[in-house]
Amino acid sequence: MTFDVWLPFRADEIDGLPEGPGYRFWDGGREFPADPADCAFYVVPYMKPSEVSRRPMAEMTSVRAVQTLSAGVDHVLPGLKSLPSGVLLCNARGVHEASTAELTLALVLASLRGIPDFVRGQDKQEWRSGFRPSLADKSVLIVGYGSIGSAIEDRLTPFELARVARVGRSSRATERGPVRPLSELPSLLPEFDVVILSVPLTEGTRGLVDAGFLSRMKDGALLVNVARGPVVDTDALLAELNRGRLTAALDVTDPEPLPPGHPLWNAPGLLVSPHVGGPTSAFWPRAKRLLADQLTRFVNREPLRNVVLTTGT
């Protein structure tokens, strides 16, 4: 008996897809491409609102795997409640590391070297010269040391840093050095010039960067968030920015998208990018390779990669 696979790409755009399934193209449009009850493998549309991604899930009574094209899965978690027991939820580990790490480095360098001020000066034809902070000799703390956190350190390595430290859910050893547990964050924060957030959004990380976290950061430190907006308490960050004690670069915000008139737009010392850590030219080939591999495994009844959880367990 054949089964359907819902893809946000057309099947003929992906090399290496296995034969057998009925491939249905759906990228979040109003009309479903087929009966959701016949879908066995659902690839969630990328960069669509959470309610769009979850809309067909309540009718997917035969689904066995849900594959996101994002590293985070928080946008689909509410939809899992309607799925049968035993459904595998897989994320896109391996797809976004290069793009997100590149943007992280760009945000750090742009913030330290004053690139936003140069752009504003160019708009006004003003020559805004002077000394700026360098990344060289800075100490950097990476909070969230999964595959993206590791990729960020890869790109930081050539910049002659004074020190890099890593924080994860629990302590462990890596080739580059130890990963410290989240419980040690309060004692670590005062030591670092740059703090980079690359944690997933969970109940444990929601609001992690609150007034207490920010107050422990070194005077003049830079906070960079490439994780999820709700990891940071927006009001607490605004208070520190308006005092001029910290600077920040945010690829994600809470709320998101950031609405016109929101005080973050005009906060001093803040650089905002519109959640562009993942969507680059590097996304397409990596996403398609992941889908070809996962679906080959699925058809051949081999273990899937990147399983985050199984419903009903």
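Is Asp-235 buried or exposed? I looked this up to start, and Asp-235 counts as exposed at 61% relative accessibility (buried means under 20% relative accessible area, exposed over 50%, partly exposed in between, with a 1.4 Å probe and protein chains only).

A note to myself on the basis: this is a predicted model, where local features need pLDDT of at least 70, side-chain atom pairs count only at pLDDT 80 or more, and totals for chains, interfaces and linings use all residues. Residues are numbered from 1 along each chain as its sequence is written, and side-chain values use heavy atoms, leaving out hydrogens and water.

Seven of its ten residues are buried, so H4 is largely enclosed by the rest of the structure. Among the buried ones I noted Ile-148, Ile-152 and Leu-156.

Then I went through the salt bridges (a side-chain nitrogen of Lys or Arg within 4 Å of a carboxyl oxygen of Asp or Glu), and the count came to 18. Asp-154 pairs with Arg-176, their closest N and O atoms being 2.8 Å apart. Asp-154 lies in H4 and Arg-176 in the loop between strands S8 (172–173) and S9 (178–181), so the pair ties together parts 22 residues apart in sequence. I found Asp-154 partly exposed, at 37% relative accessible area.

My last entry is Arg-245, which forms a salt bridge with Glu-240 at 3.0 Å between the closest N and O atoms. Glu-240 is buried, with a relative accessible area of 5%.

Technical notes:
Helices (H or I, at least four residues) and strands (E, at least two) are DSSP runs, numbered from the N terminus.
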